Amino acid sequence: MRKYYKYYKFFAMRLIFKNDKFLYINLFIIIIFIASLSTFYFILEKEKNSILLSAQNTSIKVENLINHAINSIYYLETTINEIYKNRKNLSLTEVDKIKEINTKGDYALDNPNSINLTGYGGLSGDENIRYEMAMALSLTQYFKTVATHNKDFAWIYYISKNRFSTLYPFTFSKDFIFNLKNQNFPIYTQSTPKNNPYGKLFFTPIYPDGVGKGLMTTMGIPIYDKNNFLGTVDIDITLSSQSKILKNMNLFGGSYLIVNAQNEIIGADGVKNFNTQKIFNINDFMDKEMISDTKQNRLIVSGFNYIFMKKLKNTPWKLYYHISVFDIIVSPLLNIISLLFIILLLFKFKKEIKKYDSMEDLLQEKGQQIIQQSRLTQMGEMLSMIAHQWRQPLNIISVKSANLIIKAHLNKVTPELVISEAEGIDEHSQKLSITIDDFRNFFNFNKEAEVINFCTLVDTVLSIIEASTISKNINIIREFNCKEKFNTYPNEVKHVILNLIQNAEDILLEKHIKNPFIKISTYKKDDNYICEINDNGGGIPFDSLNNIFDPYFSTKKQKDGTGLGLYMSKTIIEEHCGGKLTAENNKDGAVFKIILS
């Protein structure tokens with residue numbers, strides 16, 4: 001047995017070490033899977049807590065809005081009581097304007113400057129009723145104040161037991177008149193001593209508005225003068241306004257419902273097939289089991305749904321929120337699947353990434369070679385320009401030296417002459433030295449940014465190449481309109497300016513332009529500093545305008561153009577200096593703009 005055990009152990013160890021990379025991969029996948037499950041659980045719990053918090057905040061906001069309406073009711077109750085106590089001080093002028101409008105005894109004020117007073121059963125001459133009417137009409141400003149601060153209130157009104165009502169906003173009697181049918185509605189009957197013996201705040205079932213504002217519910221409170229029942233003050237709220245409030249608070253896409261004591265839905269959002277033109281019951285959208293399982297102010301699972309319910313303070317109403325379990329799970333599940341997929345892809349393509357890294361190093365090396373090639377080409381062109389720059393000083397030095405030699409042979413050398421000619425030689429020697437310094441500095445790429453302006457940069461470039469350009473009968477026009485300084489890398493920008501001037505010079509010579517010029521302008525626009533280089537060489541061909549900054553694209557193939565100059569210039573300005581390099585045509589020729597900020 002031991003003998004076989006040794007063989008088993010040998011083959012098992014060999015198998016493990018032979019496939020150790022698969023073992024590590026499997027272990028890695030198991031670890032990621034466990035970590036993913038843990039992450040899924042924590043994300044799910046966080047999502048549930050966020051939904052619970054959102055539902056609780058929504059219930060608080062709805063409670064606050066309802067309490068605002070309740071406080072408005074109490075405010076109007078107090079106001080009516082105070083006015084009624086002093087009703088004998090009120091004017092009866094407006095009451096005298098109330099007229100009967102038909103043979104049935106219906107009457108109305110119909111004065112748009114006031115809330116309308118309408119009623120039925122004929123006008124009464126009883127003094128107490130007339131003063132009550134005066135009190136009801138004086139409520140105009142108070143109703144208006146309440147409505148101004150509560151845009152969701154559809155109607156505000158006072159109903160008297162004496163068969164009349166005042167209504168805000170104003171409505172003509174032809175559209176609405178208070179009648180016996182209205183007085184038998186819950187908006188009044190729930191306020192009577194018979195149905196409301198303790199004079200408490202009441203809430204009505206849903207009913208359709210008689211003026212066409214849709215389905216609504218009413219909250220109101222009975223009005224008493226001591227123990228004498230007078231009537232009720234009410235506020236109507238539409239289902240559409242309640243639903244709009246919920247829509248603005250629905251952050252997670254579930255379903256909100258506000259339900260009254262009759263289980264009617266007085267507001268909803270996210271509920272399929274619900275509309276505010278029909279009276280719905282909560283059982284139309286939620287199973288009885290879901291409703292019965294619900295606990296106050298908690299998020300519980302019922303079937304495949306999370307349910308939240310809260311009884312709204314100071315009302316017989318309840319707020320429900322429910323969302324499918326799958327809606328909550330999908331988000332964290334997708335996140336985990338995406339994470340796993342990305343990790344597996346990264347692992348699978350690890351070798352490819354290494355391969356790409358080596359290719360990137362090669363490309364960077366090639367890029368550096370291209371840059372060096374461009375610099376060497378530009379250096380050669382500048383040496384030719386320096387030769388032009390040196391020609392005049394060297395000729396002058398040669399002439400002054402020859403003049404001294406001739407004078408010496410003729411014995412006409414004086415101290416004054418020697419000093420004069422020596423000073424001239426020294427002056428032009430200094431010019432040669434400055435040209436050498438300019439050339440050396442031009443190719444010294446200092447990576448530190450400096451504060452400088454375009455005028456200095458352009459003058460530095462022209463100090464080296466202007467003599468060469470002028471010798472080719474090309475006129476250089478300076479138009480410096482901005483000398484403000486900015487922060488940039490001067491030597492890199494100078495290389496770009498040089499390249500653009502050289503390109504302009506090439507095109508002018510190639511096309512044999514009469515009276516050729518290169519105009520260099522500087523100006524400021526929208527906090528940007530701009531150097532504009534313009535020539536009169538006829539412009540860039542339209543079919544090439546969009547490609548001139550591409551690498552290896554050149555319009556100078558006949559002259560061995562590499563197609564790297566403008567590409568490198570754009571790279572320097574946009575990637576190194578954080579600016580922009582653009583090209584366009586005008587009536588004279590090409591216009592290149594260096595834009596820095």
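C455 is buried, at 6% relative accessible area. Buried here means under 20% relative accessible area, exposed means over 50%, and partly exposed is in between, with a 1.4 Å probe and protein chains only. C482 is buried too, at 10%.

Before I go on, the ground rules. This is a predicted model: local features need pLDDT of at least 70, side-chain atom pairs count only at pLDDT 80 or more, and totals for chains, interfaces and linings use all residues. Residues are numbered from 1 along each chain as its sequence is written, and side-chain values use heavy atoms, with hydrogens and water left out.

Back to the cysteines. How far is the sulfur of C455 from the closest cysteine sulfur? It is 7.0 Å from that of C482, too far for a bond. A disulfide requires a pair of cysteine sulfur atoms within 2.5 Å. Searching the whole structure turns up zero disulfides.

Next, helix packing. Helices are DSSP runs of H or I with at least four residues, strands are runs of E with at least two, and both are numbered from the N terminus. Take helix α13, residues 454-471, and helix α14, residues 490-510: their axes come within 9 Å and cross at roughly 40°. That makes α13 oblique to α14. The classes are: under 35 degrees roughly parallel, over 145 roughly antiparallel, 65 to 115 roughly perpendicular, and the rest oblique. Axes are lines fitted to C-alpha atoms, for helices over the stretch in contact, and angles run from 0 to 180 degrees between N-to-C directions.

The crossing of α13 past α14 is right-handed. Right-handed means the near helix is turned clockwise from the far one by less than a right angle; anticlockwise gives left-handed. On the α13 side, the contact residues are F454, L457, V458, T460, V461, L462, I465 and T469. On the α14 side, they are P490, V493, K494, I497, L498, I501 and E505. Contact means heavy atoms within 4.5 Å. By class, that contact has eleven nonpolar, two polar and two charged residues. Nonpolar covers Ala, Val, Leu, Ile, Met, Phe, Trp, Tyr, Cys and Pro; charged covers Asp, Glu, Lys and Arg; the others, Gly among them, are polar.

α14 also packs on helix α15, residues 565-576, at about 150°, with the axes 10 Å apart. That makes α14 roughly antiparallel to α15. This crossing is left-handed. From α14 come E492, V493, V496, N499, L500 and N503; they meet G565, L566, S569, I572, I573 and H576 of α15.

Now the backbone. Which peptide bond is cis, with omega near 0°? The one from Y168 to P169. P169 sits in the loop between β5 (164-168) and α6 (180-183).

Then two positive phi values. N515 has phi of about 50° although it is not a glycine. Its place is the loop between α14 and β18 (517-525), and N515 is exposed at 69%. D527, also not a glycine, has phi of about 65°. D527 lies in the loop between β18 and β19 (528-535), and is exposed at 60%.

Last stop, E94. This residue is in helix α3, residues 93-96, and is partly exposed at 27%. Beyond neighbours within four places in sequence, E94 contacts L109, N111 and L137.
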